[in-house]
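Trainee: I have just opened this one and would like a guided walk through it. Could we take it topic by topic?

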Amino acid sequence: MKKYFILSVLLLVSGFFASCNYLNIDDYFEDTFQEDSIYANKRNIERYFNGAAALLPVVDKIWEYGNTPGVTGSDEAVSCGDWNGMVVIQFSGTKLMNNEITSSSMGGWTWDFNIWPKCYKVIRKVNTILPHIDGVRDMNSFERMEFRAKCRFLRAYAYYLILQQNGPMILLGDEIVSNNEEAEYYARTRNTYDECVDYICSEFDEAAKNLPDATTSMDQYIPTEGAALALAARVRLQAASPLYNGGEAARRFFGDFTRCTDGDHYVSQSYDERKWALAAAAAKKVIDLGRYQLYTVAASTDAEHPESGNYGTYVVTLPQEVPTAEFPNGVGMGDKKVVDPYRSYAEMFNGELAINQNPEFIWCSSTAQVGSHMGYVFPLNFGGSSCLCVPQHIVDQFYMADGRDIKNSSSAYPYISRPYDKTCVTTEGKVLSEGYKISQGTYLAYTNREPRFYVNIGYSHAWWAMGSTTESAKKNVNIDYWNGANSGKNHSNNNVYNITGYTSRKYINPQDAMSGSGARQKDKSFPIIRYAEILLAYAEALNNLTQAYEIDGQTYTRDTEAIKYYFNQIRYRAGIPGLTADDLITVEAFNKVVQRERLIELFWEGQRYYDIRRWGIVEDLEREPLMGLNVEQAEWEGFYQPTVIQYKSIIERDFKPKMVWLPLHLDEIRKVSVLDQNPGWDK
């Protein structure tokens, strides 16, 4: 039996809560196993623990069939809605945003938003284990400390999942709730949001003290000290944000949400700036561990000594505004080399980088769920359906190569999107980096963009290598989405196609192919939380302080130099200039900057669903019509002219304020008379 217990929520294969392959074991105790045998020895109690971990919801299935709304639950992705493949394909976020979820119907064929009962089953199992750890005869004192920490992490994580999905819950502490009591015994109310945050973070902090410092090559997906502290930092940042911290959004969404027994507000209606200091302190704990850093790859800037890749030679050219000091103070990597912003960003997600070589992923999961979405982004006619798409306003958020907005582009890196004819294309191709190039004939609006644009966005005429197939017609192809093109709607026989003219290539490796002889896809890992998010969280938290606060012996204030230092590391890794004075001139100005940076940097990692809610901007975003390219038209007959998407799943989009949280299932509400339902949902 392994020393560590892999809590990765990854290989929950193809179902709501599937087998425990991801635990690297084949057996664990069912609930019917005799309780005294569970604690007889280390092996047995570990197996029982694994059974609890196996109940965790799937958090890395952010595309289809998910237990969370994922990318289609926000504005960063849209889908074609339900359609019939070999089975009925459903996108859980689309079901939510189209108002098809109710408190009595919260799921589909193999997915379910109703995670409350499963998470409480995990919590009960942990509470059953904790009192007996000291009695396990063949555990030494170190093993007992570490095992107890893993149990507390698992329990905190189960509460965390409820908080993210449903808001405040009933905190049980170490209590094992009896199954044979009178009704009054079970008449328990939900705790307030702040009480839940404090408890979850304190449990993560306590677990961190005895969790492993790092993963091993054998156990790459286990939770570590850093994972516990990073999740606490995420929760603290969320709790400080306007939706949960007495802001206008808190009043708008939760002003009438009070506990039935005493009238207390579940979500605070009074602003507390100190919450931002707590968020900053939580992020700084992770930073101060000194174990994590942004992943970078060096590349040549010397034309006489270019890089040689599988798809041509290249040198990395960056805007002159980007400082050349050694990273992280600039993009310098020594010896006429700089950060290669394409590979440095892409290789974390496309399977090129082994997990044990990745210094940025704090906690991640393995391969199954990432691989499951490939068919939804791969092009029609090349093994995919291309039915997971990116709206135009998300594409437009990506900067130009010199960090400017497309509406304020420079003469050095102009944004050119007119006229809509054959003159508005590139006249020659250019290799950007290994696996990335701009092809001849590319619409000029897709040139001069920042590197993360090319890694994340699959635009029309983008080059797809699909290098694993041996069929020449299925590899090294420029994919187009206009009607009549090689991946246009003309290739669909079921009305499923790319409805915006854009998809995501974030998790696509140049070797990945889905059609043709020899086609295969590389294994990838999904970042549950990574160091870039911690840097962004720290900068955001510091920015919102108007006075100094002392937390655990450190002082936190709106230190603009600290904000620049930590934030700019992400910019420099992306190959674009750092913050300007105007970016930091006011709290509001930088909040807009960091919101945009999170959209770009954390694109399609499942965080935007929570971000646009905690910032209180989800309603404003949903009022705007969703735009895309006119995929009904041929290339030079209107395709490149953005238009309101006229597709059934988009027309039916119907955001309601209640959707900031998912409901508690009616089965739970009816069990306990004082269990309040979330605002707007049926009771």
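Mentor: We will go through strands, helix packing, salt bridges and a few backbone details in turn.

Trainee: Before that, what kind of model is it, and what are the ground rules?

Mentor: This is a predicted model, in which local features need pLDDT of at least 70 and side-chain atom pairs count only at pLDDT 80 or more, while totals for chains, interfaces and linings use all residues. Residues are numbered from 1 along each chain as its sequence is written, and side-chain values use heavy atoms, with hydrogens and water left out.

Trainee: OK, strands then. In what order do the three strands of the open sheet come?

Mentor: The order is β4-β8-β7, with antiparallel pairing. Helices (H or I, at least four residues) and strands (E, at least two) are DSSP runs numbered from the N terminus, and two strands pair if DSSP finds at least two bridges between them.

Trainee: And which strands stand at the edges?

Mentor: Those are β4 (298-300) and β7 (332-334); each has a single partner strand, so one side of each is left without a neighbour in the sheet. On average, neighbouring strands of this sheet are turned by 40° against each other, direction ignored.

Trainee: How many bridges hold β7 and β8 together?

Mentor: There are two bridges between β7 and β8 (residues 337-339), which pair in the antiparallel sense. G334 has K337 of β8 as its bridge partner.

Trainee: What sits in the loop between β7 and β8?

Mentor: D335 is placed in that loop, and its phi is near 55°, a positive value in a residue other than glycine. Most residues other than glycine have a negative phi, and most peptide bonds are trans. D335 is exposed, with a relative accessible area of 69%; here buried means under 20% relative accessible area, exposed over 50% and partly exposed in between, with a 1.4 Å probe and protein chains only.

Trainee: Switching to helices, how do α9 and α15 pack?

Mentor: Two packed helices are described by the angle between their axes and the distance between the axes. For α9 (residues 274-288) and α15 (residues 531-543), the angle is about 145° and the axes are 8 Å apart; axes are lines fitted to C-alpha atoms, for helices over the stretch in contact, and angles run from 0 to 180 degrees between N-to-C directions.

Trainee: What kinds of residues make that contact?

Mentor: The residues of the contact of α9 with α15 divide into twelve nonpolar, no polar and two charged. Ala, Val, Leu, Ile, Met, Phe, Trp, Tyr, Cys and Pro count as nonpolar, Asp, Glu, Lys and Arg as charged, and the others, Gly among them, as polar.

Trainee: How do α15 and α16 cross?

Mentor: The axes of α15 and α16 (residues 560-573) come within 9 Å and cross at roughly 145°. The residues of this contact of α15 with α16 divide into eleven nonpolar, two polar and one charged.

Trainee: Last topic: how many salt bridges are there?

Mentor: The count comes to 48, where a salt bridge is a side-chain nitrogen of Lys or Arg within 4 Å of a carboxyl oxygen of Asp or Glu. One of them joins the side chains of D75 and R608 at 2.6 Å, N to O. This pair links distant parts of the chain, 533 residues apart, with D75 in the loop between α2 (42-53) and β1 (78-79) and R608 in helix α18 (residues 608-614).

Trainee: Are D75 and R608 buried or exposed?

Mentor: Both D75 and R608 are buried. In another salt bridge, D264 and R259 meet at 3.3 Å, N to O; D264 counts as partly exposed at 36% relative accessibility, whereas R259 is buried, with a relative accessible area of 10%.
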